[in-house]
Amino acid sequence: MRRPIVINADLRSNYHTHSILCDGKDSLREMTEQAVSLGFTELGFSGHQWSEQDQDYAMTPENTARYLEKLAELREEFAPKIGIFTGIERGYVSPDRDNSRFDYVIASVHNAGADGCLFAVDHTEEIMLRGVREVFGGDVMEYVKDYYSREAKVLTLARGHIAGHFDLITKFNEGGRIFDESDTAYRRAALEALDEAVETYAGTGIPDEQSGNMPLCIRKALESGKPVFEINTGAMARGYRTVPYPAPFIIKELIRREVPLLISTDCHDRRFLDHDMAWALRYLNSLD
């Protein structure tokens, strides 16, 4: 088996982080100071981009303006110590797909359901299960197919560079409590989505509007013509999962296809800025 291509294998950077301007617990400055204390060389912020469906946890337009302003100030202030990057986490339903203000885009799916009747897949288990009952008549596999149909397209629709927590749908499924992740139909839906995501991204390259500001490791990875997929330990920090997103069978396919991987913590609390990153690197290298 090929070895994983981990673009931040030195573990001195994290590009998936959130602050009090969306659903994080700490200020941009507090997060930056924590990164410096950990010996990071780069820190990327990725506040949730506003949309009607995501307004419970996303940055408001006013907070987005504040986010851009404060990060510009922090970038200059901390320049001798750490590189600061202004990313955004953009969803399937985000109406604004202008990348010119951001150094990189994490494309993520947080919702499933029919148009006009979307529900969050990761907010609470109760909300997710109610959505499956009300929208899909309790048919979990139809829910799975809908979610992965969105994952297949989100990188292109969101003009993203990094595929965020690809199988977020498993957040409440530790031990197969809700559906069987070894089921052939489940795995087919996930791998077909992965295939479409990678194939439709091929050749997209890096938009000129961003090529000068993007973190070097991400820019160089994208030169392969493939998107970056994150290995996300966020649910581990919150006690929902014992392994990162995505599942091993998905990671193995990413490694087989030589898709660049990025270890991140999806940090909403500065105490977990580097949570299990070293463990995740060992885990990736142990897969065969």
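## The model

This is a predicted model, in which local features need pLDDT of at least 70, side-chain atom pairs count only at pLDDT 80 or more, and totals for chains, interfaces and linings use all residues. Residues are numbered from 1 along each chain as its sequence is written, and side-chain values use heavy atoms, with hydrogens and water left out.

Helices (H or I, at least four residues) and strands (E, at least two) are DSSP runs, numbered from the N terminus.

## Helices H1 and H2

Two packed helices are described by the angle between their axes and the distance between the axes. Helix H1 spans residues 28-37 and helix H2 spans residues 61-77. Their axes come within 10 Å and cross at roughly 30°. Axes here are lines fitted to C-alpha atoms, for helices over the stretch in contact, and angles run from 0 to 180 degrees between N-to-C directions. The crossing of H1 and H2 is right-handed. A crossing is right-handed if the near helix is turned clockwise from the far one by less than a right angle, and left-handed if anticlockwise.

From H1, the contact uses Leu28, Arg29 and Thr32. They meet Tyr67, Lys70, Leu71, Leu74 and Glu77 of H2. Contact means heavy atoms within 4.5 Å. By class, the H1 and H2 contact has 4 nonpolar, 1 polar and 3 charged residues. Ala, Val, Leu, Ile, Met, Phe, Trp, Tyr, Cys and Pro count as nonpolar, Asp, Glu, Lys and Arg as charged, and the others, Gly among them, as polar.

## Helices H5 and H8

The axes of H5 and H8 come within 11 Å and cross at roughly 35°. This crossing is right-handed. H5 brings Tyr186, Arg187, Ala190, Leu191 and Leu194 to the contact. H8 brings Phe249, Ile250, Glu253 and Leu254. The contact of H5 with H8 has 7 nonpolar, no polar and 2 charged residues.

Ile250 is found in helix H8. Ile250 counts as buried because its relative accessibility is 0%. Buried means under 20% relative accessible area, exposed over 50%, and partly exposed in between (1.4 Å probe, protein chains only). Leaving out residues up to four places away in sequence, Ile250 touches Tyr148, Phe166, Asp167, Ala190 and Leu194. Gly164 is 86 residues from Ile250 along the chain, and their C-alpha atoms are separated by 13 Å.

## Ser108 in strand S4

Strand S4 covers residues 104-108 and includes Ser108. Ser108 is buried because its relative accessibility is 0%. Beyond its neighbours within four places in sequence, Ser108 is in contact with Glu89, Arg90, Gly91, Tyr92, Val154, Gly164 and His165.

## Cavity and pocket

Rolling a probe the size of a water molecule over the atoms shows where empty space is left. On a 1 Å grid over the protein atoms alone, a cavity is a set of points where a 1.4 Å probe fits but cannot get out, and a pocket is an open set with protein on both sides within 12 Å along at least five of seven lines; lining residues have an atom within 4 Å of a point. Grid points are joined across faces, edges and corners, and a volume is the space filled by probe spheres set on the points. The structure holds 1 cavity of 30 Å³ or more. The largest cavity has about 40 Å³ of space. Its lining is His48, Gln49, Asp54, Tyr57, Glu89, Arg90, Gly91, Ser94 and His110. Strand S3 (residues 83-91) gives the largest share of that lining, 3 residues. The lining of the largest cavity has 1 nonpolar, 5 polar and 3 charged residues.

The largest pocket has a volume of about 540 Å³. It is lined by 25 residues, and the closest to its centre are Asp23, Asp122, Lys171, Arg238 and His268. H7 gives the most to the lining of the largest pocket, with 3 residues. That lining divides into 9 nonpolar, 8 polar and 8 charged residues.

## Backbone details

A cis peptide bond joins Tyr245 and Pro246, with omega about -10°. Pro246 sits in the loop between helix H7 (234-237) and helix H8 (248-256).

Arg159 is not a glycine, yet has a positive phi of about 50°. Its loop runs between helix H4 (140-157) and strand S7 (162-163). Arg159 is partly exposed because its relative accessibility is 33%. His165 is also not a glycine and has a positive phi of about 25°. His165 lies in the loop between S7 and helix H5 (184-201). His165 is buried, with a relative accessible area of 1%.
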